[in-house]
Amino acid sequence: MKKLFFPAVFHKADEGGFWISFPDLPECMTQGEDMQNAYEMAVDALGLALASRSECKEEIPVASDPSKITLEANSFCVVIEFDMLAYKKRTSSKAVKKTLSIPEWLNEEASAMGVNFSQVLQEALLQKCGLE
């Protein structure tokens with residue numbers, strides 16, 4: 001689940017700007033002063049909603065077909081792209097301590113070379129998970 005695409009309905013606000021709702025995520029709403037700000041706020045709101053669902057082990061819904069969304073007057077549909085991996089990298093950088101075992105001879109060789117064990121493990125995990 002790297003990139004997700006969800007339709008958002010942009011409603012023109014009476015006082016100016018937009019308020020945004022997501023048909024597939026009723027808990028997800030936001031607003032913006034202009035189109036650029038509204039789009040950026042929609043990306044952030046979508047990220048918070050999806051990350052919250054993910055953390056709570058709740059289902060991530062399948063995105064609706066934008067052409068099947070019924071729109072009210074003064075509203076339009078915009079598909080919002082969300083990169084879950086980039087979001088997690090940006091918001092969840094807390095270090096987690098791991099205990100591991102390696103052969104003593106390998107530890108001695110790597111230590112003699114000044115190897116940063118944490119960096120090597122991170123690089124190997126990124127490669128193994130296909131996240132490079």
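Biologist: Where is Ile-102 found?

Modeller: Ile-102 is in the loop between α2 (84-91) and α3. Helices here are DSSP runs of H or I with at least four residues, strands are runs of E with at least two, and both are numbered from the N terminus. Before we go on: this is a predicted model, where local features need pLDDT of at least 70, side-chain atom pairs count only at pLDDT 80 or more, and totals for chains, interfaces and linings use all residues. Residues are numbered from 1 along each chain as its sequence is written, and side-chain values use heavy atoms, leaving out hydrogens and water.

Biologist: Okay. Is Ile-102 buried, exposed or partly exposed?

Modeller: Ile-102 is partly exposed, because its relative accessible area is 35%. The cut-offs are under 20% for buried and over 50% for exposed, with partly exposed in between, using a 1.4 Å probe and protein chains only.

Biologist: Which residues make the nonpolar surface patch?

Modeller: Ile-102 is in it, together with Leu-100, Trp-105, Leu-106, Phe-117, Leu-121 and Leu-125, and the patch is about 660 Å². Patch residues have over 30% relative accessible area and no salt bridge; nonpolar side chains (Val, Leu, Ile, Met, Phe, Trp, Tyr) are joined within 5 Å, and like charges within 9 Å. The areas come from the Shrake-Rupley method with a 1.4 Å probe, and for residues only the protein chains shown count as cover.

Biologist: And which element gives the largest share of that patch?

Modeller: That's α4, with 3 residues.

Biologist: What about Ser-118, where does that lie?

Modeller: Ser-118 lies in helix α4. With a relative accessible area of 47%, Ser-118 is partly exposed. From C-alpha to C-alpha, Ser-118 and Lys-97 are 9.6 Å apart in space, and in sequence they are 21 residues apart.

Biologist: Switching to the sheet. What order do the strands have?

Modeller: The order is β3-β2-β1-β4, in an open sheet of 4 strands with antiparallel pairing. The edges are β3 (29-32) and β4 (75-83), each pairing on one side only. Two strands count as paired if DSSP finds at least two bridges between them.

Biologist: How many bridges join β1 to β2?

Modeller: There are 4 bridges between β1 (residues 3-12) and β2 (residues 18-21), and these strands run antiparallel. His-11 has Trp-19 in β2 as its bridge partner, and Val-9 has Ser-21 in β2.

Biologist: What happens at Gly-16, in the hairpin of β1 and β2?

Modeller: Gly-16 takes a positive phi near 105 degrees, in a hairpin with 5 residues between the strands.

Biologist: Which residue other than glycine has a positive phi near 60 degrees?

Modeller: Asn-74 is one of them, with phi near 60 degrees. Asn-74 is in the loop between α1 and β4 and counts as exposed because its relative accessible area is 57%. Lys-57 is another that is not a glycine, with a positive phi of about 60 degrees. Lys-57 is in the loop between α1 and β4 as well, and at 75% relative accessible area it is exposed.

Biologist: New topic: how many salt bridges do you count?

Modeller: The count comes to 3. A salt bridge means a side-chain nitrogen of Lys or Arg within 4 Å of a carboxyl oxygen of Asp or Glu.

Biologist: Which residue does Arg-53 pair with?

Modeller: Arg-53 forms a salt bridge with Glu-27, and the closest N and O atoms are 2.9 Å apart. This pair links distant parts of the chain, 26 residues apart: Arg-53 is in helix α1 and Glu-27 in the loop between β2 and β3.

Biologist: Are those two buried or exposed?

Modeller: Arg-53 is buried, because its relative accessible area is 15%. Glu-27 is partly exposed, at 46%.

Biologist: And what does Lys-3 form a salt bridge with?

Modeller: Glu-81, with the closest N and O atoms 3.1 Å apart. Lys-3 is in strand β1 and Glu-81 in strand β4, 78 residues apart.
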